[in-house]
Amino acid sequence: MKSENFVCSDFLIKAGHEIVNIMTPLEHIEYLEEEMIAARVTRGERLGRQLGRIGRLISGGNGNEPYEFSEFIYDIKEKCRSLGIKVSAENKNYNSIETIKGKNAVSYVIDEILMNWKMHGKGEFSINIADEKTIVFKNDYDPASLKNTGSTKEELAEPFVKGAFSKGSGLGLYMIELASKEGGFTWNLSADEKYFSLSLVF
């Protein structure tokens, strides 16, 4: 699947996969631990937010309000704090990204990245202002959890094919693709033996 082919059929596949992921364990709810039930509820709530935001992005009505760089960084740090994520920030050249627009759409993307950190990441979390247009989100991860280490964005963006019990549906990446079109930025994924990175270029 090429990144530009985020079409309706892909959306339905991803949404259907996530619903199966959430509901299948509940078939035997009497044997589940409270922690598992709580995790299913959390994923259900997240799915609802994702679908609502995808709907708003498809319909277009999020506006094109600029996102001031200082506010952008402040919001990331505050959201990390509220999620209990310890994040390091790097900006060696004191760059300031002045081209961020579509504040609402970009906020959706930040929420999605940080929630993935919370749910699936481990170890170190960092953001790097690489230049005057690029921010990179990077975290440690377990290479065994990703079959496509070092692969292209197109391959990494297809977690929904892994089976009914996989941890990802691809809805988050679908939403990022929609948001990128509305916010006028590009994005990319990469993974190596230690780190998983997602970059946004404004």
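This report describes the helices of a predicted model and some of the residues in and around them.

## The chain as a whole

The chain contains six helices and five strands, and when these elements are read along the sequence they follow the pattern α-α-α-β-α-β-β-α-α-β-β. The chain has 202 residues, of which 43% count as buried. Among the contacts between residues at least 6 apart in sequence, 72% join residues that are at least 24 apart.

Helix α4 covers residues 103-120, and its length can be checked by a simple calculation. At 1.5 Å a residue, the 18 residues of α4 should span 26 Å, and the C-alpha atoms at its ends are 25 Å apart, which agrees with that expectation.

The buried residues of α4 are Lys103, Ala105, Val106, Ser107, Tyr108, Val109, Ile110, Glu112, Ile113, Leu114, Met115 and Trp117. In general, an α-helix has 3.6 residues a turn, so residues three or four places apart point the same way.

## How α4 packs against α6

The axes of helix α4 and helix α6, the latter made of residues 171-183, come within 9 Å of each other and cross at roughly 155°. Because an angle over 145 degrees counts as roughly antiparallel, α4 is described as roughly antiparallel to α6. The crossing of these two helices is left-handed.

On the α4 side, the residues that meet the other helix are Ala105, Tyr108, Val109 and Glu112, while α6 contributes Gly172, Met175, Ile176, Ala179 and Glu182. Sorted by class, this contact has six nonpolar, one polar and two charged residues.

## How α4 packs against α3

Helix α3, residues 69-83, packs with α4 at an angle of about 35°, and the two axes are 10 Å apart. Here the crossing is right-handed. The contact is made by Glu71, Phe72, Ile76, Lys79, Cys80 and Leu83 of α3, together with Lys103, Val106, Ser107, Ile110, Asp111, Leu114, Met115, Trp117 and Lys118 of α4. By class, the contact of α3 with α4 has nine nonpolar, one polar and five charged residues.

## Two arginines in helix α2

Helix α2 runs over residues 34-59 and holds arginine 49, and arginine 53 also has its place in helix α2. Arginine 49 has a relative accessible area of 41% and is therefore partly exposed, whereas arginine 53 counts as buried because its relative accessibility is 18%, and buried means under 20%.

Leaving aside residues up to four places away in sequence, arginine 53 touches Tyr108, Asp111 and Met175. Of these, Tyr108 also takes part in the contact of α4 with α6, as does Met175 from the α6 side. Arginine 49 and tyrosine 108 are 59 residues apart in sequence, and their C-alpha atoms are 9.7 Å apart in space.

Leucine 171 lies in helix α6 and is buried, since its relative accessible area is 0%. The C-alpha atoms of leucine 171 and alanine 15 are separated by 6.7 Å, although the two residues are 156 residues apart along the chain.

Tyrosine 94 is found in the loop between β1, residues 87-90, and α4. With a relative accessibility of 73%, tyrosine 94 counts as exposed. Most residues other than glycine have a negative phi, but tyrosine 94, which is not a glycine, has a positive phi of about 55°.

Key. Residues numbered from 1 in each chain as written. Predicted model: local features only at pLDDT ≥ 70, side-chain atom pairs only at ≥ 80, totals over all residues. Heavy atoms only, no water. Axes fitted to C-alpha atoms, helices over the stretch in contact; angles between N-to-C directions. Helix = DSSP H or I, 4+ residues; strand = E, 2+ residues; numbered from the N terminus. Parallel < 35°, antiparallel > 145°, perpendicular 65-115°, else oblique. Left-handed = near helix turned anticlockwise from the far one by under 90°. Contact = heavy atoms within 4.5 Å. Nonpolar A, V, L, I, M, F, W, Y, C, P; charged D, E, K, R; others polar. Buried < 20%, exposed > 50% of the residue type's maximum accessible area, 1.4 Å probe, protein only. Expected span 1.5 Å × (residues − 1).
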